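Hi,

Here is the structure I promised to pass on. Have a look, and then read on for what I found.

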Amino acid sequence: LAAAKLTGRPIVSTLHSLNWEEKKVGFYIKIQKFLFRYFNGVVCVSEKLMREMEETAVQKEQLKIIDNGIDVESYKHDKSDRLKMAEKYQLSEKAVLVGTAGRLSPEKGQDLFIKAAARLAGEFPDACFLIAGSGPRAAGLRRLVEELELGEQVKFTGLVDDMISYYNALDVSRGIAMSSMLMHGNTLPQSGTSNFVSTYVIPAYTQTPGITAAMRKGAFAQLG
C-alpha cells in the first residue's frame, strides 16, 4: 500500500473464493474491509463471488468479473507423462488413471470424488484414483479411503509442481467423465486413451465459485 501511494500506481486484487474454514471467515472479512478501501479494483472470478464481496467488504463500483481461463491446447494426453506417473506409483500398464487436483478443503469436494471412486472400484479393479493437493482435510480424506476399503486404488500425491504433466498423464480428468460413468452405465476408457472425455454431464462435487460458474456457462461441455 505504501509503495502504491508513493508511486501513484493503482492497486488491484484478485479473489477466487470465500470458502474458508468457518472460524477464519470473520477474521478475513475484517481485514478485507480495512484493506480494500484503499484498492482501486477487486477482480472476482464469478458473479457469485462478486455478490458475496458486495455483502461483506467491497463497494460495488470496485468490483469487476474476469472469468477463469484455460489454455486447452496445453492439455493433451501424453504417453510419456502417463508412463512416468505409472512408474512413480508402481501401477500396471492396464491401470486406468482417474485424477483430480485442488486444495484439500471442504469446498473442493474430494470426499465426493472418493465416494464416487468407491462405487466404481469394484467393477473396475484396474482403475487408480489420484488426488493431488494438500490442505486441512487430508487426514479426514485418508480415513474415508480406509473406511470405504479402497486400499491402493486411491493415491494421494501431495503437492504437484507440474500440473500440466499431471493432467496429461490421466485417462480421466477431474470429475468430467466420472459423473458420466456414474449416470450412464459405468464405462471407463481403456488405459492410455484421451484424458478429457467428451460428455455433457458436468461435475457436481465442488462448491468453488469459479468452477460452478463455468459449469452454468457450459465450459465443461466438451474439452476434447
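Is Tyr-167 buried or exposed? Tyr-167 is buried, with a relative accessible area of 11% (buried means under 20%, exposed over 50% and partly exposed in between, with a 1.4 Å probe and protein chains only). Please keep in mind that this is a predicted model, where local features need pLDDT of at least 70, side-chain atom pairs count only at pLDDT 80 or more, and totals for chains, interfaces and linings use all residues. Residues are numbered from 1 along each chain as its sequence is written, and side-chain values use heavy atoms, leaving out hydrogens and water.

On to the rings: there are 2 aromatic pairs (ring centres within 6.5 Å, taking the six-membered ring for Trp; planes under 30 degrees apart are stacked, over 60 edge-to-face, the rest tilted). Phe-113 is buried at 1%, and Phe-129 is buried at 0%.

Tyr-166 and Tyr-167 are also edge-to-face, with 5.5 Å between centres and 65° between planes. Tyr-166 is buried at 4% relative accessibility.

Finally, helix α6 (residues 138-147) has Leu-141, Leu-144 and Val-145 buried, while Glu-146 and Glu-147 are exposed on the other side. Just after α6, Glu-149 has a positive phi of about 55°.

Best wishes

Methods:
Helix = DSSP H or I, 4+ residues; strand = E, 2+ residues; numbered from the N terminus.
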